[in-house]
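New page in the notebook. I want to get my bearings in this one before going into details.

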Amino acid sequence: MWQTVTAGLCQISTNSMNKHLWKESAACKDFDTNLFFDKYEETPDIRHGVDSVCLKCPVAATCFAVGVSQKEYGIWGGIYLDKGKISREFNSHKTKSKWSEIWQNLTMR
Ligand code: SF4
């Protein structure tokens, strides 16, 4: 199911994506980049803090699309990816309602 949603998001977002311009609007623009990669795995406080930032991000859908299409790892669109696929391990703290918020954020902007 998520593969279908992901493919749709990638098509929409990459169609309107200017190579790096979207990063200027990122909610994480002034944050330590490591928080969205290795540090995300360190403590629950960091994970929840990063999750909250991504939920307020106006370019989350584009971010997610880039992460998937470039087979990235780390947080992209509020979801931890491992080689462009959703990581079960590093998203396991997310509740059903959190996933609902994330998908809404990725599809409603
Ligand atoms: S979704 Fe999260 S990681 Fe992606 S640009 Fe926005 S704040 Fe940064």
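This is a predicted model: local features need pLDDT of at least 70, side-chain atom pairs count only at pLDDT 80 or more; totals for chains, interfaces and linings use all residues.

I started with burial: 28% of the 109 residues in the chain are buried.

Next I looked up the contacts along the chain. Counting those between residues at least 6 apart in sequence, I found that 54% join residues at least 24 apart.

Then the inventory. I have four helices and three strands here. Reading from the N terminus, I get the order α-α-α-β-β-β-α.

I see an open sheet of three strands, ordered 1-2-3, and the pairing is antiparallel. Strand 1 (74–76) and strand 3 (85–86) are the edge strands, as each pairs on one side only. I remind myself that strands of a sheet pair through backbone hydrogen bonds, either parallel or antiparallel. For strand 1 and strand 2 (residues 79–82), I note three bridges in the antiparallel sense. Which residue of strand 2 is the bridge partner of Trp76? I looked it up, and Ile79 is the partner.

What lies across strand 1 and strand 2? That's helix 3 (residues 60–69), running at about 135° to strand 1. I checked how enclosed helix 3 is: nine of its ten residues are buried, so the rest of the structure largely encloses it. My list of its buried residues reads Ala60, Ala61, Thr62, Cys63, Phe64, Ala65, Val66, Gly67 and Val68. After helix 3 comes Lys71, and I jotted down its positive phi, near 55°.

Now the ligand. I count 14 residues around it, and Ala26, Cys28, Cys54, Cys57 and Cys63 come nearest. Cys63 is also on my list of buried residues in helix 3. Which elements each supply at least two residues of the shell? I noted helix 2 (44–55), helix 3 and strand 1. Sorting the shell by class, I get twelve nonpolar residues, two polar ones and no charged ones.

Last stop, helix 4 (residues 96–108), where I picked out Leu106. Is Leu106 buried or exposed? It has 25 C-beta neighbours inside 10 Å, so I put it down as buried; the cut-off for that is 20 or more. I also checked Leu106 against Gly78: they sit 28 residues apart along the chain, and their C-alpha atoms are separated by 8.8 Å.

Technical notes
Residues are numbered from 1 along each chain as its sequence is written. Two strands pair if DSSP finds at least two bridges between them. Two residues are in contact if their C-beta atoms, placed from the backbone, lie within 7 Å. Axes are lines fitted to C-alpha atoms, for helices over the stretch in contact, and angles run from 0 to 180 degrees between N-to-C directions. A residue is near a molecule or strand if its C-beta atom, placed from the backbone, lies within 6 Å of it. Ala, Val, Leu, Ile, Met, Phe, Trp, Tyr, Cys and Pro count as nonpolar, Asp, Glu, Lys and Arg as charged, and the others, Gly among them, as polar. A residue is buried if 20 or more other C-beta atoms lie within 10 Å of its own, exposed if 12 or fewer, and partly exposed in between; C-beta atoms are placed from the backbone.
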